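This report goes through selected parts of one structure. It takes up strand pairing, the ligand site and a few single residues in turn.

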Amino acid sequence: MQKLEVLGANKLKGQINISGSKNASLPILAATLLSKKKVYLKNLPRVKDIETMLMLLESLGSKIKKIKGKTVIDNSNQKKTFASYNLVKTMRGSILVLGPLLAKFKKAKVSSPGGCSIGVRPIDIHLKALSKLGVKYKIDQGYVIATAPKGLIGNSIRFSKISVGATENLIIAACFAKGITTLSNCAIEPEIEDLVNFLIKMGCNIRWISKRSLKIVGIDEVKETNYSVMFDRIEAGTYLIAAAVTEGNLTIKKIIPKIIKTEIDMLKKVGAKIVIKKNEINIIGKKKINSININTAPFPGVATDIQAQMMVLLCKANKRSIITENIFENRFMHVAELNRMGANILINGKKAIVNGNTIFAPAEVMATDLRASVSLILAALTAKGKSVINRIYHLDRGYESIEKKLKKVGAKIRRVN
Ligand code: UD1
C-alpha cells in the first residue's frame, strides 16, 4: 500500500494553481445523463472520485472521450438504469445518478451507498423528496429500486434538513419533471450554484426565487453544451491553511476569492496576512496564531470539509479554541492521530477542545478519510523530521497531484510503496 513521507519543517513559498472542483464535477457528470447530445466538460479534476464517476457513467452506457483537455460525454445511446454496488460503494456521490435516471427512464436500480467512516450518511431526504415527484421505491438487498410509473411530476418540496446531495439529486430530476417544481430549504453551496449554471446552459428552466428556494419548470430535452467546472474551494482552503501553518508565503491561483470569503475571514482572524486579487490570493503565515472558535455549518458557514485542516492550524494557536462539528457525527477521527503527533485535543461530543501551543512532532500516522488525510500532511509539514502517512488512497480521491503541488512550493514530500 502506498504511503507518503514528509520531511518537515519547511516554510512553503510560491504559487499553486487550484484544480477543478470534485464536488461540483460529480453532480454535473451525473446531470449529463439527462442529455442525448454531447456534453464537453473542462476543468474536471484528475482525482479518483471523478474516475469512479466516469466509470459509473460508462457502466450505464455513456461513451466518454478526452479531446484536447475536454471530457466529452455522449449519452445518445445511454440506456442502462442499473448502478452496481461495486461502483457505488467506493463513493457516496454515486447516488447522484438516481435523480437523472428516474427523470430519463422512469426507473432506476441504484445501490444504496451505506455509511462511511465520517458517519451514517443516510439517503432518506433524497428518497422522500423524489417520492413527492411521483417516485415509488423500495430497498431490496441493499439496492434502491425506484420507478415513476407516470413519469416525474412537479411538486412543492421543502427539505426537512439542508442536504447538499439531496438538493442536487432533486434539482437534476426536477428539470425533466412535468410542470413546476419548487424546492425550498435547499443547500446553497457554490457547487450547487455551479450545477444550476450548468443545467441552465444545457437549456433547463431553473430560477432562484429566494435565498434557499428554486423554481424549476420541466422540459423534455436539453442541448449540446460546453461547460467549465468551478475551482475546488476546499483544495484552495487547504493550501491557504498550508501557508498559514508553515508560516509560508503562497499565492493561490485560478480561484474566485469571493466564493471562499468565509475561509479568508477565518484566516484573517487567526492572524494570517491576506491580499486578495481578481483570481488569486496571496497569504503570508505569521508565527503568532490567534485562537478562534469554529462551528461547521451549511454554506455560507464554515465547511465541514475544512474542519480537520483548520484544527491543525488552531493546534498552533496561542490559546484554546473550540471546534463544533455540526454536520457529521463522526468527523474527528484525525484527532487521535494529531494527538500522536503532539497535539492536545480533547473531544466532548460534537466539540473538539483544541489546546493550543502545539509543536508538532513527526510520527507514523494513518489517514482515515479524505480531509483527515490532508490534515495529517499539514501537521507533518510543520513537524521537524520525517513523518509517514499511511492509507493515502483517501487522499487520492480528492486532491489532484498533491505531492507535485506541495513539492513545487518547497515541501519535502514523496510517495513510497
Ligand atoms: C456533500 C459533500 C461533502 C460535504 C457535505 C457537507 C459531495 C460529493 N460531498 O456530501 O464533501 O462534507 O456535502 O457539506 O458534494 N443527511 C441525512 N439524510 C440524507 C442526506 C443527508 O440525514 O438523505 C445528513 C447527513 O448524514 C449529514 C447531513 O445531512 O449529517 C449533510 O449531508 P449532505 O449535505 O447530504 O452531504 P453529502 O451530500 O453526502
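Leu-183 stands opposite Leu-214 in strand 13 of this predicted model. The pairing concerned is that of strand 11 (residues 180-184) with strand 13, which is antiparallel and runs over four bridges. Both strands belong to an open sheet of four strands in the order 10-11-13-12, where the pairing is mixed. Strand 10 (156-158) and strand 12 are its edge strands, and each of them pairs on one side only. From one strand to the next, the twist averages 20°.

Strand 13 (residues 213-217) also pairs with strand 12 (residues 205-210), in the antiparallel sense and over five bridges. Within this pair, Asn-205 is placed opposite Val-217 in strand 13. Strand 12 and strand 13 make a hairpin, with two residues between them.

**A second sheet and its helix**

Another open sheet of four strands has the order 18-19-21-20, again with mixed pairing. Strand 18 (294-295) and strand 20 (344-348) each have a single partner strand, so one side of each is left without a neighbour in the sheet. Helix 10 (residues 307-315) packs on this sheet and touches strand 18, strand 19, strand 20 and strand 21 (351-355). The direction of helix 10 makes about 30° with that of strand 21. Strand 18 pairs with strand 19 (residues 321-324) in the parallel sense, over two bridges, and Ile-294 stands opposite Ile-323 in strand 19.

How many of the residues of helix 10 are buried? The count is nine of nine, and the helix is mostly covered. Among the buried residues are Gln-307, Met-310, Met-311 and Cys-315.

Cys-315 is also one of the residues touched by Thr-358. Thr-358 sits in the loop between strand 21 and strand 22 (364-366). Its relative accessible area is 6%, under the 20% limit, and therefore Thr-358 counts as buried.

**The ligand site**

There are 17 residues around the ligand, and those that come nearest are Asp-124, Ser-163, Val-164, Asp-305 and Ile-327.

| Residue | Part of the residue | Distance to a ligand oxygen atom |
|---|---|---|
| Asn-23 | N or O atom in the side chain | 3.1 Å |
| Ser-163 | polar side-chain atom | 2.7 Å |
| Ile-327 | backbone N or O atom | 2.6 Å |

On its own the ligand has 740 Å² of accessible area, of which the protein covers 86%. Helix 1 (22-31), helix 5 (124-132) and helix 6 (164-174) are the elements that give two or more residues to the shell around the ligand. The largest share, three residues, comes from helix 5.

Helix 1 is mostly covered, with nine of its 10 residues buried. Lys-22, Ala-24, Ser-25 and Ala-31 are among these. At the start of helix 1, a side-chain oxygen of Ser-21 reaches to within 3.3 Å of the backbone nitrogen of Asn-23.

Leu-199 lies in helix 7 (residues 190-202). Is Leu-199 buried or exposed? Its relative accessibility is 0%, so Leu-199 counts as buried. Leaving out residues up to four places away in sequence, Leu-199 touches Ala-31, Leu-34, Ile-171, Ile-172, Cys-175, Cys-204 and Ile-206. Leu-199 and Ile-172 are 27 residues apart along the chain, and their C-alpha atoms are separated by 7.9 Å.

Lys-223 is in the loop between strand 13 and strand 14 (225-228). With a relative accessible area of 48%, Lys-223 is partly exposed, because this value falls between the limits of 20% and 50%. Apart from its neighbours within four places in sequence, Lys-223 is in contact with Ser-35, Lys-37, Lys-201, Met-202 and Gly-203. Between the C-alpha atoms of Lys-223 and Thr-238, 15 residues apart along the chain, the separation is 36 Å.

Methods: Residues numbered from 1 in each chain as written. Predicted model: local features only at pLDDT ≥ 70, side-chain atom pairs only at ≥ 80, totals over all residues. Heavy atoms only, no water. Pairing = 2+ DSSP bridges. Contact = heavy atoms within 4.5 Å. Axes fitted to C-alpha atoms, helices over the stretch in contact; angles between N-to-C directions. Buried < 20%, exposed > 50% of the residue type's maximum accessible area, 1.4 Å probe, protein only. Near = heavy atom within 4 Å. Polar contact = N/O pair within 3.5 Å; in protein donor to acceptor, adjacent residues only side chain to side chain. Areas by Shrake-Rupley, 256 points an atom, 1.4 Å probe, with all protein chains shown as cover.
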